Amino acid sequence: MDFHEEAFVLSARSHGDTGAVVDLLTENHGRRSAYVAGGASRKMKPFLQAGARVMADYRARTSDHLGAVRLEPVGEGPSALFDDALALTGLAAAAGVTQGALPEREPHPGVFLAFEALMAAFEMPAVWPAIFVRFEAGLLEDLGFGLDLSKCAATGTVDDLIYVSPRTGRAVSRDAGAPYADKMLTLPPFMLGAQSGLIEGDVRAGFDLTGHFLEQFVFHPQNKPLPPARVWMLDKLGDAGRI
């Protein structure tokens, strides 16, 4: 099986004395692991960093065989963020969540496009955390576990939706959820497309919401915790007063 297309590097690890095994996110062929000859060299290492965009020339004898790939860098990649430690932390978290959540060799073109948009957002410090939350919500939807925030699960109303059921992922209105408020997840307005600005706590609530369902539906069934890079990102964003 062969293909030639752009991809994002999710991770890379040394393999043997000179090579590396890289995990790639491609648009049309999903998440792919492949061997990179010479991947341990100084020349190759800069564009084997998480989030680097590359042109991948992939070849494998069979569809389930670990293929080999030749890579060429596309654009600046993570080097454009070297002066922004928080953005680099977010980039590592995005790669970790994507790699951990996506099954290998299963096409998810929507996730590729959303990841592409998130990579661009890391150059906008004020907004990327909220975009990251939307990315995780989209990832859940693409995997078949989308949140239903269109109307109240109990009454059908579309007004005053401020909760999400931690069991079903469906929105709940203020009145319907009031008796169970201590058990509900908070639904921040920006996840409903509200045009008003973010207020303190909104992004944290968004991360709590998507994190709950990523853990429940995606990572727990694999007997894995949420990626440590995501936990580290939230700690750093909290320390910086960004969530």
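A search of the whole structure finds 10 aromatic pairs. The term covers rings of Phe, Tyr and Trp (its six-membered ring) whose centres lie within 6.5 Å; planes under 30 degrees apart count as stacked, over 60 as edge-to-face and the rest as tilted. Take Trp 128 and Phe 132: their ring centres are 6.5 Å apart and the planes stand at 50 degrees, so this pair is tilted.

Before going on, two remarks on the basis. This is a predicted model, in which local features need pLDDT of at least 70 and side-chain atom pairs count only at pLDDT 80 or more, while totals for chains, interfaces and linings use all residues. Residues are numbered from 1 along each chain as its sequence is written, and side-chain values use heavy atoms, with hydrogens and water left out.

Helices (H or I, at least four residues) and strands (E, at least two) are DSSP runs, numbered from the N terminus. Are these two side chains buried or exposed? Trp 128 has 0% relative accessibility and counts as buried, and Phe 132, at 0%, counts as buried too. The cut-offs are these: buried means under 20% relative accessible area, exposed over 50%, and partly exposed in between (1.4 Å probe, protein chains only).

Another aromatic pair is Phe 145 with Phe 217, which is stacked, at 5.2 Å centre to centre and 10 degrees between the planes. Phe 145 belongs to the loop between α3 and β6 (161-164), and Phe 217 to helix α5 (residues 202-219), so the pair ties together parts that are 72 residues apart in sequence. Phe 145 is partly exposed, with a relative accessible area of 30%. Phe 217, at 26% relative accessibility, is also partly exposed.

One aromatic cluster is formed by Phe 8, Phe 112, Phe 115, Phe 122, Trp 128, Phe 132, Phe 135 and Phe 207.

Now the charged side chains. How many salt bridges does the structure hold? There are 8 salt bridges, each being a side-chain nitrogen of Lys or Arg within 4 Å of a carboxyl oxygen of Asp or Glu.

One of them joins Glu 116 and Arg 53, with the closest N and O atoms 2.6 Å apart. Glu 116 is in helix α2 (residues 109-121) and Arg 53 in strand β4 (residues 53-59), so this bridge ties together parts that are 63 residues apart in sequence. Glu 116 is partly exposed, with a relative accessible area of 26%, and Arg 53 is partly exposed at 22%. Glu 6 joins in as well: Glu 6, Arg 53 and Glu 116 are linked in a network of salt bridges.

Asp 57 and Arg 59 meet in a salt bridge of 2.9 Å, N to O. Asp 57 counts as buried, at 15% relative accessibility, whereas Arg 59 is partly exposed, with a relative accessible area of 45%.

Asp 160 bridges to Arg 174, where the closest N and O atoms are 2.8 Å apart. Asp 160 lies in the loop between α3 and β6 and Arg 174 in helix α4 (residues 174-177), so parts that are 14 residues apart in sequence are tied together. Asp 160 is partly exposed, with a relative accessible area of 39%, and Arg 174 counts as partly exposed at 41%.

Last, the domains. The protein is divided into domain 1 (2-76) and domain 2 (83-149 + 187-240), with bounds from an automatic or database domain assignment. Their centres, taken over C-alpha atoms, are separated by 23 Å. The contact (heavy atoms within 4.5 Å) takes 23 residues from domain 1 and 18 residues from domain 2.

Between them the domains bury about 1,700 Å², 59% of it on carbon and sulfur atoms; buried area is the accessible area (1.4 Å probe) that two parts lose on being put together, summed over both. Which three residues supply more than any others of the area that domain 1 buries against domain 2? Leu 25, Glu 27 and Arg 31 do, with 39% of that area.

Across this interface the rule finds 1 salt bridge.
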